[in-house]
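Please examine the model shown below with the chain letters and residue numbers to hand. The paragraphs that follow lead from one chain to the other.

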Amino acid sequence: MLSMRHLSKAYHTDTIKTQALQPFDLTIEQGEFVAIIGPSGSGKTTFLNITGLLEDFCEGSYELDGVNVEHLSDKAKSKLRNEKVGFIFQSFNLIPELTLYDNVDMPLRYRKLSSKERHERIMDALGKVGLASRRDHYPAQLSGGQQQRVAIARAIAGKPSFLLADEPTGNLDSKMAEGIMALLEDINAQGTSIVMVTHDPNQAARAQRVIEIRDGILSEGKRIEKAIA
Amino acid sequence: MLGYYLKLAFISLKKTPFLSFLMIITIAIGIGAAMTTYTVSYLLAKDPIPSKSEKLFNVRLNSFGPDKPFNIAKGKEVPPTILTYQDAMNLQNAQQGVRQTPLGSFKMMTRGITQPVTEAKMTAIRSAYRDMFSMFDVPFKFGGAWDEVADKEGLQVAVISQELNDKLFLGENSVGKSLLIGESSYQIVGVTDDWYPIPKFFDYRVRAYNKPRDIIIPFNTQINNELWTSSDVSFLCWKEPSDDSFSAILASECVWVSYWVELASEADRSRYLDFLHRYSMEQREYGRFLREPLHQLFNVKEDLVDRKVQKEDGNIALWLAFAFLGVCLLNCMAMMVAKFHTKTGEVGLRRAVGASKQDIVAQFSIETCIVGLLGGGLGLLLAQFGLVVTAQLYSHLYAEMLEMTFGIVVMTIVLAITSAMAFGLLPILHAAKVQPSSQLKSL
């Protein structure tokens with residue numbers, strides 16, 4: 001479970017304070033599929049970064065799976081992020097010099113697992129996204145959709161509680177996007193919570209819950225009906 | 001994780017081969033220059049006989065005439081570093097040290113007994129008392145020093161170097177065999193093992209970094225046989241010999257014999273100085289030693305510094321070489337900043353998937369260590385090349401001497417790695433500080 005209380009975020013320069021996120025309360029239960037929508041610059045990515053412990057917040061409190069993250073050291077936050085959170089990015093963020101196997105291996109390396117267990121998890125994750133047979137290929141040898149599948153495999157290999165996806169289909173055509181969405185729904189169905197930033201109302205409609213961020217203000221959005229499409 | 005970081009390091013170096021090469025070659029050039037200079041400096045400045053350098057003393061007596069001093073240095077009169085034959089023999093007969101020996105030298109054509117005259121080689125020969133071998137810790141491969149009778153009688157015996165033994169006797173034990181010095185036969189009693197004191201503290205300054213002489217014979221044998229090569233000795237006179245004969249040379253006030261004494265300890269020095277004082281006062285009664293009694297004892301280190309074979313203070317060339325290494329490392333540091341800057345996206349990603357700052361520092365540190373190691377390896381080759389060039393440029397340094405010791409090789413590699421790490425630390429810490437969220441859209 002993820003719980004944020006009176007949490008806010010502001011950026012400061014010498015003279016200007018920009019309130020990126022106004023104070024808000026939010027709870028996301030285990031197994032939920034939440035879509036984050038809102039216009040560009042509204043604070044969606046900031047919200048996702050704070051949720052994934054990549055950025056600090058200014059005020060309030062945040063508990064991730066029962067752990068208060070406020071006073072954690074960088075090392076402890078990294079460990080928590082490694083164990084609880086998986087990231088999926090719009091531009092896939094695969095390392096081009098590494099094979100698919102090594103890309104998926106990356107988060108597992110920081111968890112000090114045995115090589116046997118890492119191998120099993122990597123092959124399992126690559127199998128779930130249908131790319132086990134291409135484990136020795138490099139990202140450049142794959143299509144965009146396949147690259148995003150590898151990124152998803154990397155995110156789920158560590159068996160995280162939450163998947164944080166920042167416009168995961170933003171760089172894909174509609175057919176590939178549909179494949180990725182179906183994969184995310186499968187993963188969610190197996191109990192992993194998903195928080196997905198999207199501009200696409202059709203994808204937001206597939207989430208169980210929608211949160212809208214506008215000018216840094218979070219509000220529980222209405223459930224978007226698929227009929228919009 | 002070390003294996004993983006090594007794998008990532010090699011992938012990273014392969015990704016930017018030209019930049020990696022530049023970093024490695026920059027370190028290598030700096031290390032090569034610094035270690036060439038350090039090796040030469042170390043070898044020139046090392047203690048040639050550490051176990052005894054405090055106990056071996058070069059003896060100096062102010063035997064020059066009343067009209068003018070032997071030399072003036074820094075406004076003070078200094079005695080010659082060598083003695084007259086008669087003084088050397090008087091000191092030798094007095095036996096006031098634990099061991100003592102005069103040292104003479106000459107050159108002569110030498111060859112094996114069975115070799116034709118045409119194969120004779122001009123050879124530099126040392127003459128000494130048998131004490132020299134134990135005083136200077138000369139190791140023997142075969143046989144040993146000649147006996148006391150040979151010293152006293154001046155018998156025709158010789159100790160030869162391993163190198164000469166290899167040439168004349170193909171490395172076999174030649175003790176009991178003979179060789180010809182001039183046309184006289186000398187029986188070999190010993191073959192020295194590897195013996196390369198660096199510097200050769202008992203020889204003239206210009207020969208201090210040459211290899212030891214191949215043949216050593218008893219001092220009295222040189223005297224009995226009147227073996228003399230004026231070009232091979234410093235022969236300094238305040239009063240010319242009465243004639244050109246060898247006996248006139250021996251009886252003259254000209255100095256040419258180096259004299260060394262081994263004392264039980266540094267504390268024994270004042271006792272021997274008292275002896276020298278008494279000796280010089282005694283000589284005054286015979287009309288000699290009319291100048292100030294500036295008798296001196298210099299231990300090995302003092303003698304080398306006094307004769308300017310070694311420098312007492314730091315070596316400016318060494319400082320300059322290490323300053324050059326610093327400049328190279330600063331250049332390398334700038335390249336590391338550029339290299340790690342291109343990896344901020346990867347850093348952001350790794351941080352996002354759970355790497356801590358320490359993990360990032362460890363990953364890049366391994367990469368930097370590899371750059372340092374490769375730079376050090378290449379630097380070693382450049383340093384070896386530098387030593388070969390140095391040996392060719394300075395003919396008074398014999399090539400075999402200018403070799404890196406195992407300690408210097410290890411030191412080179414350690415220096416390369418630690419200096420690469422020291423100068424790489426700032427770029428590494430800078431890279432690890434990257435805010436991951438700011439880089440995730442730039443990979």
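In chain A, strand β4 (residues 59–64) is joined to β5(A) by 2 bridges, and the two strands run antiparallel. Strands here are DSSP runs of E with at least two residues, helices are runs of H or I with at least four residues, and both are numbered from the N terminus. Two strands are taken as paired if DSSP finds at least two bridges between them. Within this pairing, A:E63 has A:N68 in β5(A) as its bridge partner. The structure is a predicted model, in which local features need pLDDT of at least 70 and side-chain atom pairs count only at pLDDT 80 or more, while totals for chains, interfaces and linings use all residues. Residues are numbered from 1 along each chain as its sequence is written, chains are lettered from A and ligands numbered from 1 in the order in which they are written, and side-chain values use heavy atoms, with hydrogens and water left out.

The β4–β5 pair belongs to an open sheet of 4 strands in chain A, ordered β2-β1-β4-β5 with antiparallel pairing. Its edges are β2 (17–28) and β5 (67–68) of chain A, each of which pairs on one side only. Across β1 (2–12), β2 and β4 of chain A lies helix α1 (residues 44–51), which runs at about 125° to β1(A). Such angles run from 0 to 180 degrees between N-to-C directions, with axes fitted as lines to C-alpha atoms, for helices over the stretch in contact; contact means heavy atoms within 4.5 Å.

Further along chain A, A:Q203 sits in helix α7 (residues 201–205). Is A:Q203 buried or exposed? A:Q203 is buried, its relative accessible area being 6%. Buried means under 20% relative accessible area, exposed over 50%, and partly exposed in between, with a 1.4 Å probe and protein chains only. Leaving aside residues up to four places away in sequence, A:Q203 touches A:T169, A:A177, A:M181, A:M196 and A:T198. With A:T169 there is also a polar contact of 2.6 Å between the side chains. A polar contact is a pair of N or O atoms within 3.5 Å; within protein, one must be able to donate a hydrogen and the other to accept it, and residues adjacent in sequence count only if both atoms are side-chain atoms.

Turning to chain B, β5(B) and strand β9 (residues 178–181) run antiparallel and are joined by 3 bridges, with B:G112 opposite B:L179 in β9(B). Strand β9(B) also pairs with β10 (residues 184–192) of chain B, in the antiparallel sense over 4 bridges; here B:L180 stands opposite B:S185 in β10(B). The hairpin of β9(B) and β10(B) has 2 residues between the strands, and B:G182 takes a positive phi near 65° in this hairpin.

The loop between β10 and β11 (215–218) contains B:P199, and the peptide bond from B:I198 to B:P199 is cis, with omega near -10°. Between α3 (85–94) and β5 of chain B lies the loop that holds B:Q95, a residue other than glycine whose phi is positive, near 50°. B:Q95 is partly exposed, with a relative accessible area of 44%. B:F289, in the loop between α9 (269–284) and β13 of chain B, also has a positive phi, of about 50°, although it is not a glycine. B:F289 is buried, at a relative accessible area of 4%.
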